[in-house]
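Visitor: I would like to go through the contacts in this predicted model. Please show it first.

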Amino acid sequence: MTLRILEPGVQCTVQAAPRKGLRHAGVPASGPADPVSMALANRLVGKPSGAACLEIAFGPASFRAADAVQVAVTGAIADLQAGGLASPMHATLSIASGETLAIGPAHTGARLYLAVAGHLPAEDFLGSASTYLPARIGGREGRALQKGDVLQISAASPVPQLTTPEALKLPTAAAYALRVVAGPDMPDSADTFASAVFHVTPRLSRMGVEIDGDFPALGASSLRPSSAVFPGALQVTPQGRGFLLLPDGQTTGGYPHVLQVIRADRHLLGQLRPGDSVRFLLRTQAQAEEALLAKQALLQAWLPDFRL
Amino acid sequence: MTAPRFEVVACGDDALRILCGAGDIRHALAEHLSTFSGWTEIVPGKLDLTVGFDPHAERLGDAQVRLGVALQTLGATPPRGRRRHVLDAVFGGEAGPDLAALAARLGKTEEQIIHTLEHQTFRVDMLGFTPGFAYLTGLDSALVSERLANPRARVAAGSIGLITGQVGLYALEGPGGWPIVGRVLAPLFDRARTDPFLMAPGDEVVIRQAAPP
C-alpha cells in the first residue's frame, strides 16, 4: 500500500527512536522533538514507542492512501479530516482506499505526529531511522518529505480502534512553565529567571528555539571553551538571547549553559511555537528526580515501553 | 601512587562533567570510561569531559559515586594507539576561497601559508558542531584568523577552516563561519563505512598539498 504526500506542511520528516552514544563524534540525537506525542501516535496503531513516524511541523498537511490503512495523529492541535469527514486526533482512524487524510494548520503547539499501521520505510543510519537534515542521514534519503513523495507501507493486520486516555493528552497551551535545574554556567544572580516571562521567537527549528526576554546580558567574557551540550540546554548569548536546544541541536557549544530543562519536561520543547510564553521554574536535583518518576509513572500503563 | 582527583559537577539532571583540563587526559578518561557500561554519552569538551547517565536507572548522586569509583582505576585502561592521518589537500581557488585574503592580511604569500600548514602535526582536540567536524589544535599562532563576519550557508565537505590556533575540518557540506583555505580530498565522513568518521579525538593529523594531477 502506498501513502502519497499531497502537502507536507512546513516540514515533514521521518523520525524514530533517537541516535545514542555518538555525541562525541558530533552526531546529535535527532528523533521526535516531542517523543511523548510520537509514542502516543504509535500506540494507537499498535507499534512500539520508537517506531518510525512522520513528524509534521505546523501543517497544513495532507496524504492520500492508495489502499485502506489505519493511522493516528497526535501532538499539536489541529483539525483533521479523514475521507472528507471531521475526525478526532488521538484516535485510531481508518482511511479508505483512495481517500485523503487532511491535517489543518496547528492551532496550538508546533508538531504533529502521524503514525501508520504497517512498516514505514526509513533508512537506518548509525542505529536510528531518524532524519537529521544537516547531515542528510536517516529517514528518506536524509531529506524532508516533499509533495509527491510516495511512501511504500507494508501491509499490516488490522489493529483495534483505540483512543488516548484523557489524562495523557498533554495540554498543548500557548503558555509553558518548564521545570529546570541550574546549568553548569548559571550565574549567581539567576533568581531573575524565577519570575520573568519569556517568549518564543520565530527562529525555531529542530535544532533549537530562540527565546526572547529579560535574560541577563552576560557579556563577551561569558563565552567559554566549548563543552558538551544536550537537548534541553538553555544557552544565553552575550547579548542576552536565549536558545533552547532540541534533538537536532549541536553537540558542543561555547555559550554559557545557564539552565537545563529537566528530563521530565523536555518533550514539551517540541511544541513551542513563536509567540508562546515560557517561564522557567527552578528546581532542585531531588525535585527533578521526583518529577521524572511521577511523569514516567503516569505514562507507564499506557506506554509500557516508553522512557522519557 | 594515588589516582588523580578531578572535580565533578552536574551538567543538568542527567549528565556529569569532569573538570579535567585540556590535553590528553580527556582522551584517556574517555577511553577509560567507555570500558564501563552505564554512560550513555561520553563527550570531550575543550577543558572537560561530560558523561550522560540514565536517570531512570540511577539518581545523579549514585551516578556521581559510580563515576568516582571508575576514575580511581584510570590507569587501568591502556591508551589506544594514537592514529595518524596524512591528508592530501588542495588549497586556494574554489577549494579555499579565503586563502588569498588571509595571505594578504598577514602579509604572506599563499605558498607561505600552505608551507606552514604542511609542516605542522595537528591533534584532533574534539569533534562537534556537526557530525565529524574536527577541531584540530597545533596551528602556528602566527596564522591569525577570525571567523567570517558573514557565515557561509554552504561549505563543501572536506573544507579546511582556520581560526587563530585551530584548524577546523568540515566532515559534511553545510553552513560554516570559518575562513576556508583548502579542502582535503579523502572523505572525512563516509556513510558507507561501518565507522563513518575518519577522525577520532586524540588522533594526529598532517595536511599536505596533493600532487598536481
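Visitor: How many residues of domain 1 of chain A are in contact with domain 2 of chain A?
Guide: The domain assignment places domain 1 of chain A at 2-167 and domain 2 at 175-300. Contact here is a matter of C-beta atoms lying within 7 Å. Domain 2 of chain A brings 16 residues to this contact, and the number from domain 1 of chain A is 18.

Visitor: Which element of chain A gives the most to the side of domain 1 that touches domain 2?
Guide: Helix 1 (35-44) and strand 10 (108-116) of chain A each supply at least two residues of that side. By class, the side has eleven nonpolar, four polar and three charged residues. The top contributor, with three residues, is strand 10 of chain A.

Visitor: In chain B, which helix gives the most to the side of domain 1 that touches domain 2?
Guide: Domain 1 of chain B spans 7-76 and domain 2 spans 84-209, with their C-alpha centres 29 Å apart. Six residues of domain 1 of chain B and four of domain 2 of chain B form the contact. Three residues on the domain 1 side come from the leading element, helix 1 (residues 24-33) of chain B.

Visitor: Where does the largest share of the side of chain A that touches chain B come from?
Guide: The contact between the chains takes 33 residues from chain A and 36 from chain B. Strand 15 (227-228) and helix 3 (285-300) of chain A each supply at least two residues of the chain A side. The largest share is five residues, and its source is helix 3 of chain A.

Note on methods:
Residues numbered from 1 in each chain as written. Chains lettered and ligands numbered in written order. Predicted model: local features only at pLDDT ≥ 70, side-chain atom pairs only at ≥ 80, totals over all residues. Contact = placed C-beta atoms within 7 Å. Helix = DSSP H or I, 4+ residues; strand = E, 2+ residues; numbered from the N terminus. Domains from an automatic or database assignment. Nonpolar A, V, L, I, M, F, W, Y, C, P; charged D, E, K, R; others polar.
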